[in-house]
Amino acid sequence: MIARLRERIAVEDPDERIEGSGNPITSPQRRRAADAERMLEESAELTETQRKFDRDR
């Protein structure tokens with residue numbers, strides 16, 4: 001009886017668990033927002049680089 005109880009409340013074997021990337025799970029909307037922010041920053045950097053290039057010519 002004790003063996004059955006232990007089996008029932010036993011924690012999964014860590015070797016059989018699925019390992020993730022370790023990153024927090026976010027909603028698709030939040031992932032898109034982060035990607036959009038990154039794209040805007042890159043665009044702003046490229047625009048500034050282009051302005052400097054145009055000014056130096």
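This note goes through the fold, the surface and the charged side chains of the structure above.

1. The model is a predicted one, in which local features need pLDDT of at least 70 and side-chain atom pairs count only at pLDDT 80 or more, whereas totals for chains, interfaces and linings use all residues. Residues are numbered from 1 along each chain as its sequence is written, and side-chain values use heavy atoms, with hydrogens and water left out.

2. The secondary structure of the protein chain consists of two helices and zero strands, where helices (H or I, at least four residues) and strands (E, at least two) are DSSP runs numbered from the N terminus. Helix H2 covers residues 28-56.

3. Of the 57 residues in the protein chain, 0% are buried; here buried means under 20% relative accessible area, exposed means over 50%, and partly exposed lies in between, with a 1.4 Å probe and protein chains only. The protein chain exposes about 6400 Å², of which carbon and sulfur atoms supply 51%, the areas coming from the Shrake-Rupley method with a 1.4 Å probe and, for residues, with only the protein chains shown counted as cover.

4. The count of salt bridges comes to three, a salt bridge being a side-chain nitrogen of Lys or Arg within 4 Å of a carboxyl oxygen of Asp or Glu. One of them joins the side chains of Arg 38 and Asp 35 at 2.4 Å, N to O. Both residues lie in helix H2, three residues apart, which is about one turn of the helix. Arg 38 is partly exposed at 43% relative accessible area, and Asp 35 is likewise partly exposed, at 35%. The side chains of Arg 38 and Asp 35 also make a polar contact at 2.4 Å, that is, a pair of N or O atoms within 3.5 Å for which, within protein, one must be able to donate a hydrogen and the other to accept it, and residues adjacent in sequence count only if both atoms are side-chain atoms.

5. Glu 48, Arg 51 and Arg 55 are linked in a network of salt bridges. The side chain of Glu 48 meets that of Arg 51 at 3.8 Å, N to O, and it meets that of Arg 55 at 3.8 Å, N to O. Because Glu 48 and Arg 51 are three residues apart in helix H2, about one helical turn separates them. Glu 48 is partly exposed, with a relative accessible area of 31%, whereas Arg 55 is exposed, at 58%.

6. Glu 37, Glu 41, Glu 42 and Glu 45 gather in a patch of negative charge on the surface. Patches are made of residues with over 30% relative accessible area and no salt bridge, like charges being joined within 9 Å and nonpolar side chains (Val, Leu, Ile, Met, Phe, Trp, Tyr) within 5 Å. Lys and Arg count as positive and Asp and Glu as negative, while His and the chain ends are not counted; the place of a charge is taken as NZ of Lys, CZ of Arg, CG of Asp or CD of Glu.
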